[in-house]
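User: I have a model to go through with you. I will ask what stands behind each label.
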Amino acid sequence: MLKLYAMFLTLIFLVELVAAIVGFVFRHEIKNSFKNNYEKALKQYNSTGDYRSDAVDKIQNTLHCCGVTDYRDWTDTNYYSEKGFPKSCCKLEDCSPQRDADKVNNELIGIFLAYCLSRAITNNQYEIV
């Protein structure tokens, strides 16, 4: 029984190892695929509640971001020309979708700075104070 358990653990480990290697080898293709699909979902966005629009709203709410790279990605969409930014782009809870860029999430710089801070803390954790 113990040998069977060890065999299953080994099998699971090997599957995870292969998945990690394949993910690393094809990371650029995976990244481009996600980016292209997200850009396509942005172009087809509407507020009627289809699954693509719900996914875009969920991503923007969860990650506190707006667009693929930043809020300017919305300016090329039909939704922006009709209604402005979607509500999921708003920084404030009670804002209405407007065309004002100062009221939408633009957290890319914050994410980069948080990464730099985390790296600095990790690199200096062994210094004697």
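User: Where does UniProt place the feature "transmembrane region"?

Analyst: The unreviewed UniProt entry puts it at residues 6-26. UniProt annotations may be inferred rather than shown by experiment. The model is predicted: local features need pLDDT of at least 70, side-chain atom pairs count only at pLDDT 80 or more, and totals for chains, interfaces and linings use all residues. Residues are numbered from 1 along each chain, and side-chain values use heavy atoms, without hydrogens and water.

User: What makes up the span of residues 6-26?

Analyst: The span is 95% helix and 0% strand. Helices are DSSP runs (H or I, at least four residues), as are strands (E, at least two). The end C-alpha atoms lie 30 Å apart.

User: Why does S53 count as buried?

Analyst: Buried means under 20% relative accessible area (1.4 Å probe, protein chains only), with exposed over 50% and partly exposed in between. S53 has 1% relative accessibility, so S53 counts as buried. S53 lies in helix 3, residues 51-63. Leaving out residues up to four places away in sequence, S53 touches Q44, Y45 and N46. Contact means heavy atoms within 4.5 Å.

User: Why are helix 2 and helix 3 called roughly perpendicular?

Analyst: Their axes cross at roughly 110° and come within 9 Å. Axes are lines fitted to C-alpha atoms over the stretch in contact, with angles from 0 to 180 degrees between N-to-C directions. Angles under 35 degrees count as roughly parallel, over 145 as roughly antiparallel, 65 to 115 as roughly perpendicular and the rest as oblique. Helix 2 and helix 3 are therefore roughly perpendicular.

User: Which residues make the contact?

Analyst: Helix 2 uses Y38, A41 and L42; helix 3 uses R52, V56, I59 and Q60.
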